[in-house]
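Here is a friendly briefing to read alongside the sequence and the 3D view. Take a moment with both, then follow the topics below in any order you like.

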Amino acid sequence: MGNRAGRTDFEWVYTDQPHTQRRKEMLAKYPAIKALMRPDPRLKWAVLGLVLAQLLACRLVRGLAWRWLLFWAYAFGGCVNHSLTLAIHDLSHNAAFGPGRAAHNRWLAVFANLPVGVPYAASFKKYHVDHHRYLGGDGLDVDVPTRLEGWLFCTPARKLLWLVLQPFFYSLRPLCVHPRAVTRMEVLNALVQLAADAALFALWGLKPVVYLLASSLLGLGLHPISGHFVAEHYMFLKGHETYSYYGPLNCITFNVGYHVEHHDFPSIPGCNLPLVRKIAPEYYDHLPQHHSWVKVLWDFVFEDSLGPYARVKRVCKLAEDRL
């Protein structure tokens with residue numbers, strides 16, 4: 001358990017991300033893909049159902065012992081809250097109402113944020129744009145761990161701790177790597193979230209609030225669904241920086257496993273990503289893919305070649321038309 005991981009630096013490349021060129025080729029060859037770039041009318045109802053499920057759970061946990069509250073926060077609430085963060089991910093791409101009604105998507109994301117317990121949706125949108133535009137970009141893509149993370153979390157035990165603490169790294173890393181001005185939407189997101197938390201505490205006491213926060217911390221930490229954090233862009237095979245997963249957990253994660261397809265076509269909602277692969281299988285079937293997010297986590301912890309440093313990085317020129 002004390003052996004250091006093999007990597008001592010990121011995998012630096014001097015080429016553009018592969019998704020841009022593949023997108024151009026596929027759209028020229030398969031114009032039908034453009035028809036998939038339409039809103040998902042079911043997304044708003046899925047969000048409503050998940051939020052109501054957590055509201056019902058908040059009512060039910062009021063009388064539970066703390067140990068059972070934490071158990072259900074991991075086993076049930078963690079799945080729901082993680083699913084809601086992935087709904088927020090789709091909403092950052094205007095998946096529910098389309099780009100023509102961007103404000104509707106933003107406010108639905110704020111609503112989806114409520115069970116998460118802390119304001120998240122508006123800040124995620126702000127930085128996720130850069131993740132797509134500057135994939136692996138040094139100092140621009142805050143999805144890539146810092147050098148401190150790569151240097152410190154280099155043994156199996158430390159990598160395991162890093163996975164447990166993922167919610168903290170994802171929330172604090174942008175402030176260190178690429179701090180940006182607070183937006184009006186972030187302020188509104190925070191005010192709505194604080195009001196909702198206060199109302200829940202006033203109505204049902206402390207346990208429901210702790211349940212929601214624990215659901216987020218546990219569900220986004222060392223949890224089977226959290227395997228997608230590592231599966232998406234950590235370099236399991238040299239030369240490949242994005243990977244897809246086509247397993248059953250896509251059913252509760254808005255098809256986030258179709259991640260190569262998502263980076264090829266960010267404007268296609270998760271519900272239509274399997275159709276991209278169906279239309280153009282020759283672009284995806286030969287690529288390396290993951291079959292289990294749990295195995296991804298296991299390999300990440302115990303394989304010396306894997307760790308926070310196992311990411312592709314590139315130097316990107318900052319675009320002038322900042323969003």
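Phe 254 is buried in this predicted model, with a relative accessible area of 17%. Its backbone deserves a look too: phi is positive, at about 55°, although Phe 254 is not a glycine.

**The loop with positive phi values**

- Phe 254 sits in the loop between strand E2 (244-245) and helix H12 (259-264).
- Asn 255 is also placed in the loop between E2 and H12, and its phi is near 60°, a positive value in a residue other than glycine.
- Is Asn 255 buried or exposed? Asn 255 counts as buried, because its relative accessibility is 14% and the cut-off for buried is under 20%.

**A buried arginine**

- Arg 311 lies in the loop between helix H14 (293-302) and strand E4 (312-313).
- With a relative accessibility of 2%, Arg 311 counts as buried.
- Which side chain does the side chain of Arg 311 make a polar contact with? The partner is the side chain of Asp 143, at 2.8 Å.
- Leaving aside residues up to four places away in sequence, Arg 311 touches Phe 10, Glu 11, Asp 141, Asp 143, Val 144, Pro 145, His 233 and Tyr 234.

**Helices H2 and H10**

- Two packed helices are described by the angle between their axes and the distance between the axes.
- The axes of helix H2 (residues 43-60) and helix H10 (residues 206-219) come within 8 Å and cross at roughly 130°.
- On the H2 side, the contact is made by Gln 54, Ala 57 and Cys 58, and on the H10 side by Pro 208, Tyr 211, Leu 212 and Ser 215.
- The crossing of H2 past H10 is right-handed.

**Helices H3 and H10**

- Helix H3 (residues 66-92) packs with H10 at an angle of about 55°, and their axes are 7 Å apart.
- H3 is therefore oblique to H10.
- The crossing of H3 and H10 is right-handed.
- Residues of H3 in this contact include Trp 66, Leu 69, Trp 72, Ala 73, Phe 76, Gly 77, Gly 78 and Asn 81.
- Among the residues they meet in H10 are Leu 206, Val 210, Tyr 211, Ala 214, Ser 215 and Leu 218.

**Helices H2 and H3**

- H2 and H3 pack at an angle of about 150°, with 10 Å between their axes.
- Why is H2 called roughly antiparallel to H3? The angle of about 150° is over 145, so H2 counts as roughly antiparallel to H3.
- The crossing of H2 and H3 is left-handed.
- H2 contributes residues including Leu 43, Val 47, Leu 50, Val 51 and Gln 54 to this contact, while H3 contributes residues including Phe 76, Val 80, Asn 81, Leu 84 and Leu 91.

**A serine in helix H10**

- Ser 215 lies in helix H10, and at 0% relative accessibility it counts as buried.
- A polar atom of the Ser 215 side chain lies 2.7 Å from the backbone oxygen of Tyr 211.
- Not counting residues up to four places away in sequence, Ser 215 touches Gln 54, Ala 73, Gly 77, Gly 78, Asn 81 and Leu 220.

**Cysteines**

- How many disulfides are there? The count is zero, where a disulfide requires a pair of cysteine sulfur atoms within 2.5 Å.
- For Cys 58, the closest cysteine sulfur is in Cys 79, 16 Å away, which is too far for a bond.
- For Cys 154, the closest cysteine sulfur is in Cys 176, 19 Å away, so this pair is too far apart for a bond as well.
- Cys 58 counts as buried at 2% relative accessibility, and Cys 154 counts as buried at 3%.

**An exposed alanine**

- Ala 28 is found in helix H1 (residues 18-29) and is exposed, with a relative accessible area of 65%.
- The C-alpha atoms of Ala 28 and Phe 124 are separated by 32 Å, and the two residues are 96 residues apart along the chain.

Terms used
Residues are numbered from 1 along each chain as its sequence is written. This is a predicted model: local features need pLDDT of at least 70, side-chain atom pairs count only at pLDDT 80 or more; totals for chains, interfaces and linings use all residues. Side-chain values use heavy atoms; hydrogens and water are left out. Buried means under 20% relative accessible area, exposed over 50%, partly exposed in between (1.4 Å probe, protein chains only). Helices (H or I, at least four residues) and strands (E, at least two) are DSSP runs, numbered from the N terminus. A polar contact is a pair of N or O atoms within 3.5 Å; within protein, one must be able to donate a hydrogen and the other to accept it, and residues adjacent in sequence count only if both atoms are side-chain atoms. Contact means heavy atoms within 4.5 Å. Axes are lines fitted to C-alpha atoms, for helices over the stretch in contact, and angles run from 0 to 180 degrees between N-to-C directions. A crossing is left-handed if the near helix is turned anticlockwise from the far one by less than a right angle, and right-handed if clockwise. Angles under 35 degrees count as roughly parallel, over 145 as roughly antiparallel, 65 to 115 as roughly perpendicular and the rest as oblique.
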